[in-house]
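I opened a structure that was new to me and kept short notes as I went. Here is what I looked up.

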Amino acid sequence: MAVYQSSEMDTVIHRIKEKTAQNQIILGAPLPEQEILAFEQTAGITLPEGFRRFLLEIGNGCTWKRGRKMPPLPARNCGGNRRAFPPLPL
């Protein structure tokens, strides 16, 4: 898995958006900052910058043009919030 510097993230995000459009990948809606923070606090972790930006700017879960699906991870009890948290991007 590639590791990018903060200065490269705008380019990486742009490239991912282009590739998903070219390959007709339908992404779930991006997550609001509050949901990401709630997950991090409940899990006791801080997500890497690249993953946070992916969730905030690109989306979560997806469907490929051939109907294959990568749904969000199963919902976990997050302080009463039963919303599913997104999978890592591939």
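I began with Arg52, which comes out at 14% relative accessibility and so counts as buried (buried is under 20% relative accessible area, exposed over 50%, partly exposed in between, with a 1.4 Å probe and protein chains only). A note on the source: this is a predicted model, where local features need pLDDT of at least 70, side-chain atom pairs count only at pLDDT 80 or more, and totals for chains, interfaces and linings use all residues. Residues are numbered from 1 along each chain as its sequence is written, and side-chain values use heavy atoms, with hydrogens and water left out.

Where does Arg52 lie? I found Arg52 in helix α3 (helices are DSSP runs of H or I with at least four residues, strands are runs of E with at least two, and both are numbered from the N terminus). Its side chain makes a polar contact with the side chain of Glu33, at 3.0 Å. For that term I used a pair of N or O atoms within 3.5 Å; within protein, one must be able to donate a hydrogen and the other to accept it, and residues adjacent in sequence count only if both atoms are side-chain atoms. Leaving out residues up to four places away in sequence, Arg52 touches Glu33, Ile36, Leu37, Glu40 and Leu47 (contact means heavy atoms within 4.5 Å).

Next I looked at the rest of α3. Its buried residues are Phe51, Arg52, Arg53, Phe54 and Leu55, and they pack against α1 and α2. Just after α3, I noted that Gly59 has a positive phi of about 150°.

Then I turned to α1. Met9, Val12, Ile13 and Thr20 are buried there. They cover an arc of only 100° around the axis, so they sit on the same side of α1 (the arc is that of the directions from the helix axis to the C-beta atoms). On the face turned away from that buried side, I found the exposed residues Asp10, Thr11, Ala21 and Gln22. The cover over the buried residues of α1 includes β1 (26–27) and α3.

Which residues make up the largest nonpolar core? I listed nine: Met9, Ile13, Leu31, Ile36, Leu47, Phe51, Phe54, Leu55 and Ile58. The largest share of this core, three residues, comes from α3. Such a core is a set of buried Ala, Val, Leu, Ile, Met, Phe, Trp, Tyr and Cys residues joined through side-chain atoms within 4.5 Å.

Last, I checked Ile45, in the loop between α2 (33–43) and α3 (49–57). At 38% relative accessibility, Ile45 counts as partly exposed.
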